[in-house]
Amino acid sequence: MELAPGIELYENVMINSEEIISDLEVTLKKYKLPWVQTQVYTDSGFTTTNLNVRSCSKVPVPYYIDPIKYLPKEILELSTTLSKEFHKSILDYTLKYQTNIKHYYGYDILKYTESQKFESHSDDGIDEERRISLVYYMNDDYEGGEIEFKKFDLKIKPKKHNLLLFPSSYIYRHKVYPVTSGTRYAIVQWMK
């Protein structure tokens, strides 16, 4: 369903996201792996932690054809699962907007706890060339955490099992409002 030009919403994409959240938390504890603080790009092209701009944490998951050997098999298997689940929506989007994909970046599973946010930004950049952005909502049992595309006067309250696809360019700048209670889990991926 097109919410605005180029912004597509796909409903009920995955049915087991609650299990994925639970399994991921168990895997991280089992292997003593942390949630990693997210970073932002600066004007000079470097990444840095800036909690005033972006304050959530992530678990990186490689794209399934490019596995990282040191990661636990549970995380590598998750990559394959996500690729299979999202394929139909990505194919539909690329056909509808007559675009092709030359490269898939890995996934980031994001965790926003109370008061965490991501200020207005675009996903494309000098060091990270991106054409298409994907956001998948794993849960909706929290308050706040809406995503807004200001240029399109569009503010979306995430619903679990929904997936958004949109261009990564500066015209599609968006922000994630602070979570006011609970924990917001989402998966992001970019393509070029």
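**Note on the predicted model: cores, sheets and ring pairs**

1. The largest nonpolar core has 29 residues. Phe86, Tyr136 and Leu165 have the most contacts inside this core. Helix H2 gives the most to the core, with six residues. At least two residues each come from H1, S6, H2, S7, S9, S13 and S16. The model is a predicted one, and the points below should be read with that in mind.

2. As a general background, nonpolar side chains tend to be buried together in soluble globular proteins.

3. The eight-strand sheet is open, with the order S1-S2-S13-S9-S16-S7-S6-S3. Its pairing is antiparallel. Strand S1 (2-4) and S3 are the edge strands, and each pairs on one side only. H2 lies across S1, S2, S6, S7, S9, S13 and S16. The helix runs at about 60° to S13.

4. Five of its five residues are buried. Leu163, Leu165 and Pro167 point one way from the strand, while Leu164 and Phe166 point the other way. Both sets are buried.

5. What joins S13 to its partner strands? On one side, strand S2 (residues 7-10) pairs with S13 over three antiparallel bridges. Glutamate 8 has leucine 165 as its bridge partner, and tyrosine 10 has leucine 163. Strand S9 (residues 132-137) is joined to S13 by five bridges, again in the antiparallel sense. Here tyrosine 136 is the bridge partner of leucine 163.

6. Leucine 165 links several of these elements. Leaving aside residues up to four places away in sequence, leucine 165 touches Gly6, Ile7, Glu8, Tyr10, Ser89, Ile90, Tyr93, Ile132, Ser133, Leu134 and Met191. Glutamate 8, one of these contacts, is also the bridge partner of leucine 165.

7. The other sheet has four strands and is open too, in the order S8-S14-S11-S12. The pairing is antiparallel. Strand S8 (118-121) and strand S12 (154-156) stand at the edges with a single partner strand each, so one side of each has no neighbour in the sheet. The twist averages 10° from one strand to the next. S8 is joined to strand S14 (residues 174-176) by two bridges. Histidine 121 has histidine 174 of S14 as its bridge partner.

8. The structure holds eight aromatic pairs. Tryptophan 35 and tyrosine 185 form a tilted pair, with 6.1 Å centre to centre and 55° between the planes. Why does this pair tie together parts that are 150 residues apart in sequence? Tryptophan 35 lies in the loop between helix H1 (17-30) and strand S3 (36-37), whereas tyrosine 185 is in strand S16 (residues 184-191), so the pair spans that separation. Both residues are buried.

9. Tyrosine 63 and tyrosine 104 form a stacked pair: 4.7 Å centre to centre, 5° between the planes. This pair also links distant parts of the chain, 41 residues apart. Tyrosine 63 is in the loop between strand S6 (57-61) and helix H2 (73-96). Tyrosine 104 is in the loop between H2 and strand S7 (107-112). Tyrosine 104 is partly exposed, at 25%.

10. Ring pairs also build a cluster from Tyr63, Phe86, Tyr104, Tyr107 and Tyr136. Phe86 and Tyr136 are among the residues with the most contacts inside the largest core.

11. Two charged side chains sit over tyrosine rings. The charged end of lysine 175 is over the ring of tyrosine 177, at 4.3 Å from its centre. Arginine 184 lies over the face of tyrosine 112, 4.8 Å from the ring centre.

12. Is aspartate 108 buried or exposed? Aspartate 108 counts as buried, because its relative accessibility is 10% and the cut-off is under 20%. Contacts beyond four places in sequence are Lys58, Val59, Pro60, Ala186, Ile187, Val188 and Trp190.

Definitions and conventions
Residues are numbered from 1 along each chain as its sequence is written. This is a predicted model: local features need pLDDT of at least 70, side-chain atom pairs count only at pLDDT 80 or more; totals for chains, interfaces and linings use all residues. Side-chain values use heavy atoms; hydrogens and water are left out. Rings of Phe, Tyr and Trp (its six-membered ring) pair if their centres lie within 6.5 Å; planes under 30 degrees apart count as stacked, over 60 as edge-to-face and the rest as tilted. Buried means under 20% relative accessible area, exposed over 50%, partly exposed in between (1.4 Å probe, protein chains only). A charge sits over a ring if NZ of Lys or CZ of Arg is within 6 Å of the ring centre and within 35 degrees of the ring normal. Contact means heavy atoms within 4.5 Å. Two strands pair if DSSP finds at least two bridges between them. Axes are lines fitted to C-alpha atoms, for helices over the stretch in contact, and angles run from 0 to 180 degrees between N-to-C directions. A nonpolar core is a set of buried Ala, Val, Leu, Ile, Met, Phe, Trp, Tyr and Cys residues joined through side-chain atoms within 4.5 Å.
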